[in-house]
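Please read the following account with the sequence and the 3D view side by side.

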Amino acid sequence: MTPEMLVSIFMTLVAASTPLLLAALGELVVEKSGVLNLGVEGMMLCGAVAGFAVAFSSGSVGLGLLAAIAAGVATAMIFAVLTLSLTANQVATGLALTIFGIGTSSLIGAGFVGRTIERLGPVFPAGLSEHPLLKAIFGHDIVVYLSLALVLAVSLFLRRSRPGLILRAVGENAASAHAIGYPVLAIRYAAVAFGGALAGLGGAYFSLALTPMWADRLTAGRGWIALALVVFAAWRPGRLLLGAYLFGAVMTLELQAKAAGVTWLAPEFLAMTPYLATIAVLTMMSLGRRTGRPDAPACLGKPFSAS
Amino acid sequence: MTSIITRRRFNFGAGAAAATLPLIGSGARAQAPLGVGFIYVGPVGDHGWSWTHDQGRLALEKEFGAKVKTSFIENVAEGPDAARALRQLAQANNQLIFATSFGFMNSAVQVAKQFPKLKFEHATGYQRAENLATYNARFYEGRAVIGTIAGHMSKSGQAGYIASFPIPEVVMGINAFTLAARKVNPNFKTKVIWASTWYDPAKEADAAKALIDQGADVITQHTDSPAALQAAEQRGVFAFGQASDMKAFAPKAHLTAIVDDWSGYYIKRVKEVMDGSWKSGDVWGGIKDGMVKIAPYNDAVTPAARAAADEVQKGIVAGTLHPFTGELKDQKGVVRLKAGETASDEMLSKMDWYVDGVQA
């Protein structure tokens, strides 16, 4: 195996992991505030279609990314109004949001099927981004670097900042946070909006960078993997980064093994490995939990009303 | 006339149509447009299988204008739910109903029995009745044409093949492609990745990248999205379109495409219902019948590759060339076809073995 080939595999791995990381990071913040939004897939699809529609119409991928963020936030706001202001059941509403997102994106996207755009390109000049080896570091697009910066930012925000502490307090015990004067609903609205923005961006990574086109259900269930990753990461941004890249690596290496003609492993087994890895880590986590600290926010999924 | 039907709205439509049904006598029906219904397994917007069937439906509207009234229900799950969708179309005054996916078979058989006066057609199935016909296309003929081109155009002598599931339809495509390529280059290899899905654009693209990393410089696929072509374009290798002309997605990489064209068949069958000559039966049409077409070649296709591909097409149309002609052995050395023998349709529809050169 040549170094060039390793670099090439690494590039595929990073690209496959990035949308998972983004969507999961958004959901992590949402869940830290005590809200469970299962509509990640729906928000991703809305972001994907809005990003593509705007990028195609305006000719600017950058505008497309912004539109995707806006669409993700808009979709998340539907969820927020229903579950936060009207205290609807979060699980049911989240599932409905996914179905809504699939339908809406398909409707909006109908006119864009069969079109394509110039894909989101690397940030650094060609001398660095097309260097056979250095491109492993410098060959990525803006969203990849942004996603890594966001992991650091979210981690610092949650652990080192006062607003982050308040957000966690709202997720751990909404009634107490309310009693000492924090605006629980406003904080949760903000968290849900942030989750929507990152899900929208993650969705747009499919339609603008990975496969620059629109087709129905483009994200093909990645939103659900993102949800699982949050649990997998025990609600910690650092572990989430690890989990998303581990998942991306297994997905990529599975295909590489098939292409290399690995015959001593059944293809069905290789297809199963990402999910096996999930189960294995979840088991290890629950074994570790006996001694470790609890990880799920205590108020996760519980509606709150101030009255 | 079209009525685009979502599952929910359709219930209203069906109710109204059922209520007016007794008022329409056989005399009135002669002037009324002929109702033609379709059920699709996927969304019309998949740009793949269901999309090609919908193109056939649109061709009916263009051909017959006000004389037909078409409607469709998309995203119908394979299994019992299909029976409900078919029944709705049957009650909405459709005379001819197309069920366009293999998994609709049992439902089509059941509903055809309940509505003996209506006519049903089921794509890719094998169960027939007085009023239930089956139809399919010989896609393997197209695979032989693109395999020939791949044999000429590949420098590494390795193709990457992104496949969905190891069912006979897919296996025969892989074999036909590889056999044709090995006629050009006896050492040609086809590396197969089973994606275990018909549709997952990001995975299809990653599979294409993995195949390219492992030395393939021509990519082909039996999955539904154009994502693999985009990956090929990005990496600067060649690829083929699937089900429809996908040149727009990869102007440089797209050498040609196997195009499904159901419009000729649908127009013919509607005409037959109109003049009363429709009969049940089984049609397996290929390049000769216009059901399988080859998209225009890319400028990059060399004159030698063009000539060879045209030759294969001509031979298939004339009946002098069958993609599966003996002597043919599978990878274990079992002789599947004796010298000069060609594969029967039954053999094709049960194919579960690979020819030499396939790495699956």
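What follows takes up a sheet and its helices in chain B, then several sites in chain A.

This is a predicted model, in which local features need pLDDT of at least 70 and side-chain atom pairs count only at pLDDT 80 or more, while totals for chains, interfaces and linings use all residues. Residues are numbered from 1 along each chain as its sequence is written, chains are lettered from A and ligands numbered from 1 in the order in which they are written, and side-chain values use heavy atoms, with hydrogens and water left out.

Chain B holds an open sheet of seven strands, in the order S13-S11-S10-S9-S7-S8-S16, with mixed pairing. Strand S13 (292–294) and strand S16 (358–359) of chain B are at the edges and have a single partner strand each, so one side of each lacks a neighbour in the sheet. Strands (E, at least two residues) and helices (H or I, at least four residues) are DSSP runs, numbered from the N terminus; two strands pair if DSSP finds at least two bridges between them.

Within this sheet, S7(B) and S8(B) pair in the parallel sense over six bridges. Ala163(B) has Trp194(B) in S8(B) as its bridge partner. Five of the six residues of S8(B) are buried, so this strand is largely enclosed by the rest of the structure. Here buried means under 20% relative accessible area, exposed means over 50%, and partly exposed lies in between, with a 1.4 Å probe and protein chains only. Elsewhere in the sheet, strand S10 (residues 238–243) of chain B runs parallel to strand S11 (residues 254–260) of chain B, and four bridges join them. Gly241(B) is placed opposite Ala257(B) in S11(B). In a regular strand, side chains alternate between the two faces of the sheet.

Two helices lie across these strands. Helix H8 (residues 201–213) of chain B lies across strand S7 (158–163), strand S8 (189–194) and strand S9 (218–221) of chain B, and runs at about 160° to S7(B). Helix H9 (residues 227–235) of chain B lies across S7, S9, S10 and S11 of chain B, at about 165° to S10(B). Axes are lines fitted to C-alpha atoms, for helices over the stretch in contact, and angles run from 0 to 180 degrees between N-to-C directions. The buried residues in H9(B) are Ala227(B), Ala228(B), Leu229(B), Gln230(B), Ala231(B) and Ala232(B). Their cover includes S7, H8, S9, S10 and S11 of chain B. After H9(B) comes Gly236(B), with a positive phi near 75°.

In chain A, helix H2 (residues 40–58) and helix H3 (residues 61–85) pack at an angle of about 145°, with their axes 7 Å apart. On the H2(A) side the residues that meet H3(A) include Gly47(A), Ala50(A) and Gly51(A), and those on the H3(A) side include Gly64(A), Ala67(A) and Ala68(A). Contact here means heavy atoms within 4.5 Å.

Where does Thr219(A) lie? Thr219(A) is in the loop between helix H10 (184–210) and helix H11 (222–232) of chain A. Thr219(A) is buried, with a relative accessible area of 0%. Its side chain makes a polar contact of 2.9 Å with that of Glu41(A). A polar contact is a pair of N or O atoms within 3.5 Å; within protein, one must be able to donate a hydrogen and the other to accept it, and residues adjacent in sequence count only if both atoms are side-chain atoms. Leaving aside neighbours within four places in sequence, Thr219(A) is also in contact with residues including Met44(A), Leu45(A) and Phe206(A).

Leu227(A) lies in helix H11 of chain A and counts as buried at 9% relative accessibility. Not counting residues up to four places away in sequence, Leu227(A) touches Glu27(A), Glu31(A), Asn37(A), Leu38(A) and Val40(A).

Finally, the largest nonpolar core has 110 residues, and among those touching the most other members are Val40(A), Trp214(A), Ile162(B) and Ile219(B). A second, separate core of 71 residues includes Leu34(B), Trp49(B), Ala181(B) and Trp262(B). A nonpolar core is a set of buried Ala, Val, Leu, Ile, Met, Phe, Trp, Tyr and Cys residues joined through side-chain atoms within 4.5 Å.
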